[in-house]
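Here's a quick walk through one chain and how its pieces pack. Have a look at the model first, then read on.

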Amino acid sequence: MQLKKIVPYKIKRLIPMLGLAGATLMMTPGCEKEPIPTRDEFLVFDQLNMLTVEQIQQAAASSDVRTVYLVPRSNWNNLRAKNITSLSRILQEWIDASPKARGQGDFELYVGEAAKVPEDSLRIVQNGWTINAYRHGTWQR
């Protein structure tokens with residue numbers, strides 16, 4: 001007898017709960033998710049072929065791009081302290097062009113020149129690049 005009292009009570013409560021859950025699911029609109037960025041864009045530059053802010057913004061404008069990496073190639077041994085300051089300003093403009101922009105790679109500068117302008121070389125390193133890391137064996141891809 002005890003069994004008959006418990007079973008009908010549970011079924012009586014279960015049916016409205018299932019109906020309420022089903023109605024709730026039917027009333028919620030389908031969520032339209034934004035596409036998740038899936039790829040990285042690499043923009044390579046050197047002293048003769050510098051990038052423009054527009055190129056960086058155009059690369060970052062694509063919705064499937066996660067990060068735009070700005071990668072130096074060749075060596076930069078001919079730059080002296082005042083040129084490193086100019087380079088640092090240009091690189092900062094590129095980084096400021098898009099929140100997706102980030103530096104990657106190594107600047108091979110003349111030994112000791114980066115130490116003459118520590119605030120500029122520090123700005124370069126803080127944005128993701130390295131200075132003479134390849135020469136010292138600490139460069140990692």
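At what angle do helix α3 and helix α5 pack, and how far apart are their axes? The angle is about 35° and the axes are 9 Å apart, with axes being lines fitted to C-alpha atoms, for helices over the stretch in contact, and angles running from 0 to 180 degrees between N-to-C directions. Before going further: this is a predicted model, where local features need pLDDT of at least 70 and side-chain atom pairs count only at pLDDT 80 or more, while totals for chains, interfaces and linings use all residues. Residues are numbered from 1 along each chain as its sequence is written, and side-chain values use heavy atoms, leaving out hydrogens and water.

**The helix pair**

The crossing of α3 and α5 is left-handed, meaning that the near helix is turned anticlockwise from the far one by less than a right angle. On the α3 side, the contact (heavy atoms within 4.5 Å) is made by Ile84, Thr85, Ser88, Arg89, Leu91 and Gln92. From α5 come Asp120, Arg123 and Ile124.

Take Asp120, which is found in helix α5. Asp120 has a relative accessible area of 4%, so it counts as buried (under 20% relative accessible area, with a 1.4 Å probe and protein chains only). Leaving aside neighbours within four places in sequence, Asp120 is in contact with Ile84, Thr85 and Ser88.

**The sheet**

Three strands form an open sheet in the order β1-β2-β3, with parallel pairing. Helices (H or I, at least four residues) and strands (E, at least two) are DSSP runs, numbered from the N terminus, and two strands pair if DSSP finds at least two bridges between them. β1 and β3 are the edge strands, each pairing on one side only. On average, neighbouring strands are turned by 30° against each other, direction ignored. β2 and β3 pair over three bridges, and Leu70 stands opposite Gly103 in β3.

| Element | Residues |
|---|---|
| β1 | 39–45 |
| β2 | 65–72 |
| β3 | 101–103 |
| α3 | 81–97 |
| α5 | 118–126 |

**The core**

The largest nonpolar core has 26 residues; such a core is a set of buried Ala, Val, Leu, Ile, Met, Phe, Trp, Tyr and Cys residues joined through side-chain atoms within 4.5 Å. Those with the most contacts inside it include Phe45, Leu70 and Leu91. Its largest share, seven residues, comes from α3. Not counting residues up to four places away in sequence, Phe45 touches a list of residues including Leu70, Leu91, Phe107 and Trp129.

Terms used: Buried means under 20% relative accessible area, exposed over 50%, partly exposed in between (1.4 Å probe, protein chains only).
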